Amino acid sequence: MKFFVDTADVAEIADLNDSGLLDGVTTNPSLVAKTGRDFVTTVKEICKIVKGPVSAEVAATDHATMLAEGRKLAALATNVAVKVPLTLDGLKTCKALSDDGIMVNVTLCFSPAQAILAAKAGAAFVSPFVGRLDDVGHDGMALIADIVRIYTNYPDFQTEVLVASIRHPMHVVEAAKLGADVCTVPPAVLRSLVKHPLTDKGLDAFLTDWKKTGQSILGNDK
Ligand code: E4P
């Protein structure tokens with residue numbers, strides 16, 4: 001499973017990238033607004049930090065302008081994945097950009113039918129939003145199960161299932177059990193994945209006991 005981080009905060013991305021666990025980044029207009037920074041500059045900076053796909057979303061809603069914006073964003077760096085909304089104009093734009101060899105992430109997916117259309121439009125990624133479905137009393141993970149199953153039925157579909165709107169570690173675990181390709185995870189959730197109280201407790205005990213031995217592994221090598 002690949003891990004993308006869901007943020008436009010460059011410092012946060014650089015820090016997480018140092019862990020070696022990051023495979024890509026997703027941004028959206030709300031995340032960009034939160035930074036208060038220039039969008040194009042921010043995307044260029046992120047693309048230099050992270051080697052994998054960096055999703056940058058178009059702002060237009062009509063096909064012609066989306067296409068122009070998508071081409072401009074794709075020209076910023078070779079690892080830009082243009083993000084388009086799951087509308088007819090978005091799908092048309094996805095098809096045109098994908099035909100040109102540009103990676104497209106079709107976002108705001110809330111149904112299996114929409115995911116089928118994204119795959120048919122040649123999307124590199126489809127982004128089903130599990131948290132937002134859970135928020136309105138639906139089962140976000142059931143949507144992931146449906147999409148994974150459908151895509152498995154059609155090996156011609158090359159689209160990767162990118163689980164988005166992740167709220168907690170169990171979303172990541174459930175997505176992995178279902179065989180989703182990618183999880184895009186907010187920085188705080190990504191950091192919380194490593195946490196377990198028994199790990200901390202166990203480490204404390206080991207360190208205390210090690211101290212009692214009076215030894216040093218590196219000795220005078222340092
Ligand atoms: C995905 O690419 C989106 O940026 C993101 O996951 C949306 O999540 P939210 O529902 O927490 O805003």
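This is a predicted model: local features need pLDDT of at least 70, side-chain atom pairs count only at pLDDT 80 or more; totals for chains, interfaces and linings use all residues.
At 30% relative accessibility, Pro-169 counts as partly exposed. Pro-169 is found in helix H9. If we leave aside neighbours within four places in sequence, Pro-169 is in contact with Val-189, Ser-192 and Leu-193. Thr-35 is another matter: 134 residues separate Thr-35 and Pro-169 along the chain, and their C-alpha atoms are separated by 25 Å.

Now the chain as a whole. The secondary structure comes to eleven helices and eight strands. The C-alpha trace spans about 70 × 35 × 30 Å along its principal axes. There are 222 residues, and buried ones make up 44% of them. Of the contacts with a separation of 6 or more, 57% are between residues 24 or more positions apart.

On to helix packing. Two packed helices are described by the angle between their axes and the distance between the axes.

What is the angle at which the axes of H8 and H9 cross? Helix H8 covers residues 140-153, and its axis comes within 10 Å of that of H9, with a crossing at roughly 20 degrees. An angle under 35 degrees counts as roughly parallel, and H8 and H9 are therefore roughly parallel to each other. The crossing in which H8 passes H9 is right-handed. On the H8 side the residues that meet H9 are Met-141, Ile-144, Ala-145 and Val-148, and on the H9 side they are His-171, Glu-174, Ala-175 and Leu-178.

The next pair is H1 and H3. Their axes come within 10 Å and cross at roughly 5 degrees. That makes H1 roughly parallel to H3. Here Val-10, Ile-13, Ala-14 and Asn-17 in H1 meet Thr-42, Glu-45, Ile-46 and Ile-49 in H3.

Staying with H3, which of its residues are buried? Within residues 39-49, the buried ones are Thr-42, Val-43, Ile-46 and Cys-47. Seen down the helix axis, these buried residues fall within an arc of 130 degrees, so they line one face of H3. An α-helix has 3.6 residues a turn, so residues three or four places apart point the same way.

The remaining pair is H4, residues 63-74, with H5, residues 88-99. Their axes are 9 Å apart and the packing angle is about 40 degrees. That makes H4 oblique to H5. The crossing of these two helices is right-handed. From H4, His-63, Met-66, Leu-67, Gly-70 and Arg-71 take part, and they meet Asp-89, Gly-90, Lys-92, Thr-93, Ala-96 and Leu-97 in H5.

Next, aromatic residues. The count comes to four aromatic pairs. One of them is Phe-4 with Phe-125, edge-to-face, at 5.7 Å centre to centre and with 75 degrees between the planes. This pair links distant parts of the chain, with Phe-4 in strand S1 (residues 2-6) and Phe-125 in strand S6 (residues 125-128), 121 residues apart.

Another pair is Tyr-154 with Phe-157, which is tilted: 5.5 Å between centres and 40 degrees between planes. Tyr-154 counts as partly exposed, at 46% relative accessibility.

Last, the backbone. Most residues other than glycine have a negative phi, and most peptide bonds are trans.

Leu-108 is not a glycine, yet has a positive phi of about 65 degrees. Leu-108 lies in strand S5, residues 104-109. Its relative accessible area is 32%, and that makes Leu-108 partly exposed.

Ser-165 also has a positive phi, near 60 degrees. Where does Ser-165 lie? Ser-165 sits in the loop between strand S7 (160-163) and helix H9 (169-178). With a relative accessible area of 8%, Ser-165 is buried. That loop leads back to H9, the helix in which Pro-169 is found, and I will stop there.

Notes: Residues are numbered from 1 along each chain as its sequence is written. Side-chain values use heavy atoms; hydrogens and water are left out. Rings of Phe, Tyr and Trp (its six-membered ring) pair if their centres lie within 6.5 Å; planes under 30 degrees apart count as stacked, over 60 as edge-to-face and the rest as tilted. Helices (H or I, at least four residues) and strands (E, at least two) are DSSP runs, numbered from the N terminus. Buried means under 20% relative accessible area, exposed over 50%, partly exposed in between (1.4 Å probe, protein chains only). The arc is that of the directions from the helix axis to the C-beta atoms. Axes are lines fitted to C-alpha atoms, for helices over the stretch in contact, and angles run from 0 to 180 degrees between N-to-C directions. Angles under 35 degrees count as roughly parallel, over 145 as roughly antiparallel, 65 to 115 as roughly perpendicular and the rest as oblique. A crossing is left-handed if the near helix is turned anticlockwise from the far one by less than a right angle, and right-handed if clockwise. Contact means heavy atoms within 4.5 Å.
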